[in-house]
Amino acid sequence: MNEATRTPIEIAQSVLLLAGLLAAWEFAVVWLDISPILLPAPSAVAISLVNGVKSGLLIKHLGVTFFETMAGFVLGSVAGLVCGGLIAQSRAIERLLYPYVIAFQTVPKVAIAPLIVIWFGYGVASKVVIAATIAFFPVLANTIVGLRSVPADQLELMAAFMATRRQTLWKVRVPQALPFILVGLDVGAVLAVIGAVVGEFVSAKEGLGFQILQSGFSLDTAGVFAALVLLAVMGIAIHLAMGFLRKKVLYWVDDISPVNFSG
Amino acid sequence: MLVSDLAGKSADDKSAGDKLINSKPADLVTAQNVRMVYTSRNAELVTALDDVSFGIAEGEFIALLGPSGCGKTTLLKILTGTLKRTSGEVTMRGQPLEGPRPDIGRVFQTPVLLAWRSVLDNILLPIELGEGRLQRRDYEARARDYLKMVGLEGFETKYPHELSGGMQQRVAIGRSLIRDPAMLLMDEPFGALDAMTRDLMNVELLRIWQASRKTIVLVTHSIAEAVFLADRVFVMTPRPGRLSEIIPIDLPRPRHLDMINSPEFGHYVRRIGRHFATHGAVA
Ligand SMILES: Nc1ncnc2c1ncn2[C@@H]1O[C@H](COP(=O)(O)OP(=O)(O)OP(=O)(O)O)[C@@H](O)[C@H]1O
Ligand SMILES: [Mg+2]
């Protein structure tokens with residue numbers, strides 16, 4: 001959550017740890033003479049990654065998966081926000097819809113991925129829909145909880161100043177819900193990556209998930225790792241972007257990183 | 001001495017009140033046999049107020065004094081119109097009070113500022129809600145005046161989390177004044193302040209009151225504060241919350257802090273202290 005609160009020394013320590021692990025991995029593969037099909041050395045992964053990027057193949061797959069993730073995320077979170085807003089508006093709507101929402105959530109989305117592929121085809125659309133269904137719930141749940149989290153004294157304040165329902169919604173409920181909604185969006189965005197890849201596993205002709213399967217079939221384990229590295233980078237980038245958005249939007253939340261002079 | 005002293009005291013009050021209305025201005029606010037019973041979560045009934053009656057004249061300064069839990073906040077909520085009384089009558093300007101009104105300002109026991117709004121935007125919130133966004137400009141100068149008055153000049157663009165608790169409560173006071181309400185209901189507004197700032201704020205409050213002739217009802221735990229500020233002290237006792245005595249304070253105005261050491265002042269403080277002692281409640 002608080003990437004920015006890390007000191008340069010802590011960052012250096014993390015990088016050193018990674019470098020140490022990679023070095024140990026490299027030496028272990030060489031010394032123990034492990035088959036590259038079982039576990040490729042980091043250097044082999046790096047070469048595969050550079051080649052894939054140079055040829056444009058990995059970049060193309062990355063682009064496809066990124067698009068599916070983002071489109072699914074936007075679709076799922078807009079649906080989550082709208083439904084959450086409606087459900088939080090009235091207990092009657094909540095009683096009507098919520099049992100179905102819970103039932104929907106308890107079904108593992110991964111299990112219905114093949115069904116979605118049948119309905120939405122083998123192209124990008126089915127991946128977008130799978131990513132959307134997975135991203136939907138955390139946004140929905142956090143929107144409802146957030147809109148309901150308004151302290152009683154703030155509601156009394158608005159009542160005493162004769163605010164309309166609408167004014168109370170936009171001037172108090174929504175700002176009060178924003179921290180929750182942003183957490184929901186963060187979780188939803190990361191889950192959308194999983195949704196897109198699962199969709200590609202079921203059936204696809206492009207995307208990083210497809211690439212992982214292809215490399216696996218041809219026993220190109222270094223290629224699998226190269227695609228995994230790109231997926232991880234994408235996931236981290238999305239999470240960091242959400243953290244940045246959170247800082248920008250929640251300007252009033254006081255988590256300014258303390259300056260650590262002592263190190 | 002005031003019409004309000006008679007209200008709700010005896011059975012023939014109504015006729016007495018009617019006669020007096022012709023000669024003196026009617027009370028701004030009256031309460032008749034107000035009762036408030038809360039239903040708690042486990043369906044238990046809590047009688048927070050029982051048989052509370054009084055009248056408050058326009059321009060009067062009332063201190064509502066009583067120990068914790070005796071129903072002071074409850075009474076203030078009912079007068080604000082945000083809490084529906086279980087039974088009894090409340091009127092303002094002769095009309096039954098059935099909900100919040102624009103001419104009543106309210107200061108809560110905690111500041112209740114909106115964290116995402118700057119100090120200036122918090123003070124202007126009632127204007128935005130009542131008069132609309134476009135009218136904001138007309139009130140900005142006044143908002144800045146109030147900020148200066150409560151000693152927060154230059155803090156317009158700060159956010160609540162950047163202020164101390166006492167500063168936040170002073171912003172809340174500015175917010176309650178912005179629509180220039182006829183009546184100000186203040187729930188322990190200076191409870192969170194240190195003794196020195198508290199004295200200064202009390203003097204400042206008296207100055208505002210004297211200049212604007214607002215009607216003020218101020219809740220407090222402090223006997224000395226009640227005597228220093230009020231025309232009349234409403235003394236409340238708990239379980240159930242009742243208005244057990246109304247004590248007029250005949251100290252001269254304007255009042256100064258050094259009056260606290262006068263024998264008359266001490267007399268009032270002792271008298272109220274005795275009242276709590278005999279009623280078994282410690283303020
Ligand atoms: N919403 C509520 N539900 C149930 N009981 C309540 C509720 N609000 C207040 N009470 C009860 O009513 C009584 C009076 O409460 P109130 O807040 O008016 O006291 P108070 O005089 O303002 O106390 P303090 O000086 O501590 O602020 C208390 O016994 C309290 O427990
Ligand atoms: Mg109270």
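Thr215(B) sits in strand β8 of chain B, where helices (H or I, at least four residues) and strands (E, at least two) are DSSP runs numbered from the N terminus. With a relative accessibility of 0%, Thr215(B) counts as buried, a term that stands for under 20% relative accessible area, whereas exposed stands for over 50% and partly exposed for the range in between (1.4 Å probe, protein chains only). The side chain of Thr215(B) comes to 2.8 Å from the backbone nitrogen of Gly59(B); a polar contact of this kind is a pair of N or O atoms within 3.5 Å, and within protein one atom must be able to donate a hydrogen and the other to accept it, while residues adjacent in sequence count only if both atoms are side-chain atoms.

The model is predicted, so that local features need pLDDT of at least 70 and side-chain atom pairs count only at pLDDT 80 or more, while totals for chains, interfaces and linings use all residues. Residues are numbered from 1 along each chain as its sequence is written, chains are lettered from A and ligands numbered from 1 in the order in which they are written, and side-chain values use heavy atoms, with hydrogens and water left out.

Strand β8, which covers residues 215–220 of chain B, is joined to β3(B) by 5 bridges, and the two run parallel; two strands are taken to pair if DSSP finds at least two bridges between them. Within this pairing, Ile62(B) has Val217(B) in β8(B) as its bridge partner. β3(B) also pairs in the parallel sense with strand β9 (residues 232–237) of chain B, over 4 bridges, and there Ala63(B) is partnered by Val233(B). Strand β3 itself (residues 61–65) is mostly covered, with 5 of its 5 residues buried.

Strand β4 (residues 87–92) is joined to β5(B) by 2 bridges in an antiparallel arrangement, and Met92(B) stands opposite Gln95(B) in β5(B).

| Residue | Distance to an oxygen atom of ligand 1 |
|---|---|
| Lys72(B) | 2.7 Å |
| Gln109(B) | 2.8 Å |
| Glu188(B) | 3.5 Å |

On its own, ligand 1 has 640 Å² of accessible area, of which the protein covers 65%.

The magnesium ion (ligand 2) is coordinated by OG1 of Thr73(B) and OE1 of Gln109(B), at 1.9 to 2.4 Å; donors are N, O and S atoms within 2.8 Å of the metal (3.2 Å for Na, K and Ca), and water is not among the atoms, so sites may look incomplete. This pair links distant parts of the chain, with Thr73(B) in helix α3 and Gln109(B) in the loop between β6 (104–107) and α4 (119–123), 36 residues apart. Thr73(B) is partly exposed because its relative accessibility is 24%, and Gln109(B) is likewise partly exposed, at 41%.

Some backbone features of chain B concern individual residues. A cis peptide bond, with omega about -15°, joins Arg239(B) and Pro240(B), and Pro240(B) lies in the loop between β9 and β10 (242–248). The peptide bond from Arg253(B) to Pro254(B) is also cis, with omega near -5°. Ala43(B), which is not a glycine, has a positive phi near 65° and counts as exposed because its relative accessibility is 58%. Asp51(B), in strand β2, has a positive phi of about 55° although it is not a glycine.

Chain A, for its part, has 10 helices and 0 strands, and 40% of its 263 residues count as buried.

Conventions
Accessible areas come from the Shrake-Rupley method with a 1.4 Å probe; for residues, only the protein chains shown count as cover.
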